[in-house]
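Hi everyone, thanks for coming. Could you all put the model up on your screens, please? I'll wait a moment.

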Number of protein chains: 2
Amino acid sequence: MVQPMSPSLPDGVVPVPLSVDLVLLTVRDDQLAVLLVRRGIDPYRGRWALPGGFVRPGEDLADAAVRELAEETGLRHRPAHLEQLATYGTPGRDPRGHVVTVAFLALAPQSRAPVAGTDAAASRWAPLRDTSTAELAFDHAAILADGLERARSKIEYSAVATAFCEPEFTVADLRRIYELVWGCRLDPRNFHRKVTGTAGFLLPTGRFTTPDSGRPAELYRRGEAGVLHPAMLRPAREHPEQKRPEQS
Amino acid sequence: MVQPMSPSLPDGVVPVPLSVDLVLLTVRDDQLAVLLVRRGIDPYRGRWALPGGFVRPGEDLADAAVRELAEETGLRHRPAHLEQLATYGTPGRDPRGHVVTVAFLALAPQSRAPVAGTDAAASRWAPLRDTSTAELAFDHAAILADGLERARSKIEYSAVATAFCEPEFTVADLRRIYELVWGCRLDPRNFHRKVTGTAGFLLPTGRFTTPDSGRPAELYRRGEAGVLHPAMLRPAREHPEQKRPEQS
DNA sequence: AGAATAGTGTCTTTGAGACAATATCTA
DNA sequence: TAGATATTGTCTCAAAGACACTATTCT
């Protein structure tokens with residue numbers, strides 16, 4: 001018998017090199033920042049890129065993302081939040097041929113995400129405000145833009161914004177996260193009312209900060225809620241509202 | 001010189017068989033239905049599965065999805081809506097080895113989506129209400145569930161529900177779409193107010209239906225809006241609200 | 001007229017946004 | 001005390017949900 005135990009693939013199937021890339025966001029020095037690595041090999045040698053690498057045989061996609069993160073940047077902890085973003089397979093996106101990459105979005109608090117001794121070439125936290133993403137290798141500028149947009153919309157209706165925070169945090173900490181991710185100012189009083197009024201979002205600890213100035217703030221933990229009811233509404237983009245008044 | 005023109009992949013990279021699968025939804029006989037094909041080869045020969053197949057070298061992912069749809073079901077038209085859903089690469093999801101699949105979600109009106117003469121094995125529209133998804137091949141039950149959930153949430157904040165409709169449709173047609181996708185009843189009067197009041201959602205044509213009974217309904221076309229402001233709120237799931245009244 | 005479906009109006013409640021006022025700390 | 005930040009409260013407006021009513025066709 002020449003038939004193997006497991007069925008084989010149809011003839012003519014050409015396998016594809018598959019990689020994972022990671023958009024890891026954090027808040028650092030009061031700025032939203034993304035983790036970048038400097039490429040040590042061609043193509044794009046010396047250019048900044050998202051951390052990532054090739055998937056190994058039999059390896060799960062999310063596992064590959066976490067492994068590459070650890071190998072390239074020394075980050076040992078699994079990020080507080082990790083989700084699949086999208087898969088990019090447009091021909092020509094990689095000069096080495098038809099390489100398809102699965103991108104992930106990860107969020108982490110700064111304390112758990114220092115860029116320590118790294119195996120690979122240099123890595124750094126790039127503040128998104130000051131960084132020109134046009135310099136990134138491959139199509140990583142587009143992937144980063146998609147990751148940012150995902151983060152911006154996801155903190156609206158889910159509690160993932162707490163993934164940027166330490167285990168215990170204040171309402172002001174969380175508000176700053178929203179402000180930095182959305183790039184706008186939020187009213188502290190309305191924000192406080194919303195966030196403490198949304199069931200399951202925050203868990204009061206009864207403990208307080210001891211700030212240098214000002215009234216101490218209560219410390220909270222993430223609640224069990226994954227989805228927010230009601231959602232945190234992002235301030236409306238200045239819509240060129242084409243509201244034509246209907247005629248009588 | 002042995003160096004090729006384009007840089008080569010690092011040593012040790014093992015390419016992966018990459019496929020695409022399609023969750024194509026439509027409304028048929030007043031029911032939400034998904035397109036399934038019967039597998040003609042092992043593994044899972046004779047079982048129902050989502051339409052899909054392997055990506056060809058240098059082929060874009062979305063193109064592969066549309067091509068496989070045409071080959072397997074004879075559907076020539078590009079679906080009214082096509083978006084990437086997620087990528088599934090858990091080891092063991094395919095008995096033939098480590099096969100990774102990129103799933104797409106597609107929506108189409110029934111008129112454009114008859115299952116005509118098909119190249120491959122049988123295909124059918126499976127009403128989601130009556131169909132046991134446990135019989136599907138591979139992890140297609142999970143992919144279908146993810147696609148459904150994506151559709152359910154996406155019609156909340158975007159105008160994609162019109163992708164289920166003919167080019168010209170009534171408010172009642174659109175309401176039936178929402179009811180079938182969400183699996184609930186909606187108040188016709190409030191729905192009408194919401195949907196006609198959301199800028200850019202619907203474009204009145206000034207023409208009317210000629211029904212057998214009842215007042216004629218105005219016909220609309222899809223507007224230019226992709227995102228809805230305000231969103232169509234899905235009726236709240238019956239939350240086991242853990243609203244503990246705070247003590248004074 | 002009566003049935004059927006389309007579309008409008010009205011009331012109530014919820015929640016968002018603007019902003020005043022109070023509370024609790026440090027220097 | 002002044003300065004700073006946290007938290008509560010109040011008012012107004014927009015929009016959702018419930019539901020009565022009018023409009024336009026058919027038999």
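I'll talk about DNA strand D and the residues around it, then about some aromatic rings.

First, some ground rules. This is a predicted model, where local features need pLDDT of at least 70 and side-chain atom pairs count only at pLDDT 80 or more, while totals for chains, interfaces and linings use all residues. Residues are numbered from 1 along each chain as its sequence is written, chains are lettered from A and ligands numbered from 1 in the order in which they are written, and side-chain values use heavy atoms, without hydrogens and water.

By type, they divide into 6 nonpolar, 5 polar and 10 charged; here Asp, Glu, Lys and Arg count as charged, Ala, Val, Leu, Ile, Met, Phe, Trp, Tyr, Cys and Pro as nonpolar, and the others, Gly among them, as polar.

Now look at α4(B), which gives the most to this surface, with 4 residues. Helices here are DSSP runs (H or I, at least four residues), numbered from the N terminus.

What does R189(B) touch with its side chain? An N or O atom there is 2.7 Å from a base nitrogen of DNA strand D.

Finally, the rings: Y178(A), W182(A) and F191(A) form one aromatic cluster, where ring centres pair within 6.5 Å. Thanks, everyone!

Key: Near = heavy atom within 4 Å. Polar contact = N/O pair within 3.5 Å; in protein donor to acceptor, adjacent residues only side chain to side chain. Helix = DSSP H or I, 4+ residues; strand = E, 2+ residues; numbered from the N terminus. Phe/Tyr/Trp six-rings, centres within 6.5 Å; stacked < 30°, edge-to-face > 60°.
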